[in-house]
Amino acid sequence: MDRRQTIKLIGGGVVLAASALGGFATTRTPHDALAPWQKAGDYEDIRLFALSYAVLVPNPHNRQPWLAELIGDDELNIYRDLSKNLPATDPFERQLTIGMGGFLEAINIAARHRGYETETTLFPHKTEAHIATIKLSPRADMRPETDLLNAFHARRSCKEPFSENPLSVAHIKALSEFGEVFTDTDNVAHLKKLSWDAFKVEYATHHTLKESVDLMRFGKQQINATPDGIDIGGPMMEALILTGIITPEAMLDPNSSAYRQGLDIYDAMLNNTPAYILLKTSGNNRAHQIEAGRNWLRLNLMTTQLGVSLHPVSQALQEYEEMKPLYQEIHQSYAAGGETIQMFGRLGYGPRVPQSPRWAVEEKLI
Ligand SMILES: Cc1cc2nc3c(=O)[nH]c(=O)nc-3n(C[C@H](O)[C@H](O)[C@H](O)COP(=O)(O)O)c2cc1C
């Protein structure tokens, strides 16, 4: 951690910079909360094997809204736990559904690795909660995607400033398969401004900021006890929590230094971005959202393989009243054909960041 960052943090700078600490020091590592990363692939039953990878996928606010039910010998029911909804920032549960799309895609990738084909029926009962029924059958001619499966452990959402290095031509080409990549000066400046303006709206809107603050887990003990949400850990953070500089109340108070430093840190993060990617769908029903989630996971596994950092910046895509002008601006500028922009990502070359907490598969079985 550099000196400037240390001073910022001692001065009450925030929480939201948890990852700026460069990871957890040994004694403060929440090992229990990170154990599911080690256990992925450690299961004989093909369904548990696949689920052990699926619990590692990116998902909004790390809510991990999935539940799974084993049926007979070869079937799975996948549910979305509606108690994990994010009514302020995701009022139509679009982003949570995208997260479930990644979950289903992870099951496919992992099952294929072991020679199983998946037959997925989406929303079999036309209810919000029951996302899919999946039947797994062995097939002799399945082609495994070993590189993708091997990328699960190192995949991250990189919430850090990126270097000034432009995205290489080869990387732009590889990633353009998943969405529209922007590297030219005008579009990068416009998308940067949109991401930053939208962040400021979310931050200045009490009920959307409170939704995040309510999901913060402060320190190793809380992170291990509830390994989801926004983890605020590491020795420096724990010192600031113990001294009362970092509290949920300070995070919500625009006059506190914790609040102001949060803005500074996001300013540095969002504004150090050499490229962006937008993932769009022609419509915006649940199947489109699931498709976007599948695609986002594959993109993130590909960035992992290439050594490119990816960070979703969803604020401008959120569907609440205060965000409307920016939602309209991004769609008018980048989805003129009436498509829906499902994911907005920063791309570049950033530092290695720690894994984020997860609930174990066993905790997600019903
Ligand atoms: C639909 C969706 C929207 C997301 N939006 C944001 C976002 O706006 N800002 C952010 O920092 N992370 C965002 N994320 C990333 C999650 O915060 C992240 O996946 C989660 O905390 C787990 O971390 P990991 O991906 O590093 O495992 C989003 C993820 C998904 C799937």
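The model is a predicted one, and its chain is assigned two domains, domain 1 (3-18 + 156-348) and domain 2 (33-154 + 355-364). Both domains give residues to the shell around the ligand, so the ligand lies between them.

**The two domains and their contact**

- The centres of domain 1 and domain 2, taken over C-alpha atoms, are separated by 23 Å, and the contact takes 35 residues from domain 1 and 34 residues from domain 2.
- On the side of domain 1 that touches domain 2, the elements giving two or more residues are the helices α8 (206-214), α9 (219-225) and α13, together with the strands β7 (230-232) and β10.
- Helix α13 supplies the largest share of that side of domain 1, namely 15 residues.
- Sorted by class, the residues on the side of domain 1 that touches domain 2 comprise twelve nonpolar, 14 polar and nine charged ones.

**The surroundings of the ligand**

- The ligand is surrounded by 16 residues, of which the closest are Pro-58, Asn-62, Ser-157, Ser-314 and Ser-356.
- Among the elements of the chain, helix α4 (residues 94-113) gives the most to the shell around the ligand, contributing three residues.
- The shell around the ligand is made up of five nonpolar, nine polar and two charged residues.

**The sheet with strands β1 to β4**

- Four strands make up an open sheet with antiparallel pairing, and their order across the sheet is β1-β2-β4-β3.
- At the edges of this sheet stand β1 (66-71) and β3 (116-122), each of which pairs on one side only.
- Neighbouring strands of this sheet are turned against each other by 25° on average, with direction ignored.
- Strand β1 is joined by six bridges to strand β2 (residues 75-80), and the two run antiparallel.
- Within this pair, Leu-67 stands opposite Tyr-79 in β2, while Leu-70 stands opposite Leu-76 in β2.
- Strands β1 and β2 form a hairpin that has three residues between them, and in its turn Gly-72 has a positive phi of about 55°.

- Three bridges join β5 to the antiparallel strand β8 (residues 275-281), and Glu-180 has Leu-278 in β8 as its bridge partner.

Notes:
Residues are numbered from 1 along each chain as its sequence is written. This is a predicted model: local features need pLDDT of at least 70, side-chain atom pairs count only at pLDDT 80 or more; totals for chains, interfaces and linings use all residues. Two strands pair if DSSP finds at least two bridges between them. Axes are lines fitted to C-alpha atoms, for helices over the stretch in contact, and angles run from 0 to 180 degrees between N-to-C directions. Domain bounds come from an automatic or database domain assignment. Two residues are in contact if their C-beta atoms, placed from the backbone, lie within 7 Å. Ala, Val, Leu, Ile, Met, Phe, Trp, Tyr, Cys and Pro count as nonpolar, Asp, Glu, Lys and Arg as charged, and the others, Gly among them, as polar. A residue is near a molecule or strand if its C-beta atom, placed from the backbone, lies within 6 Å of it.
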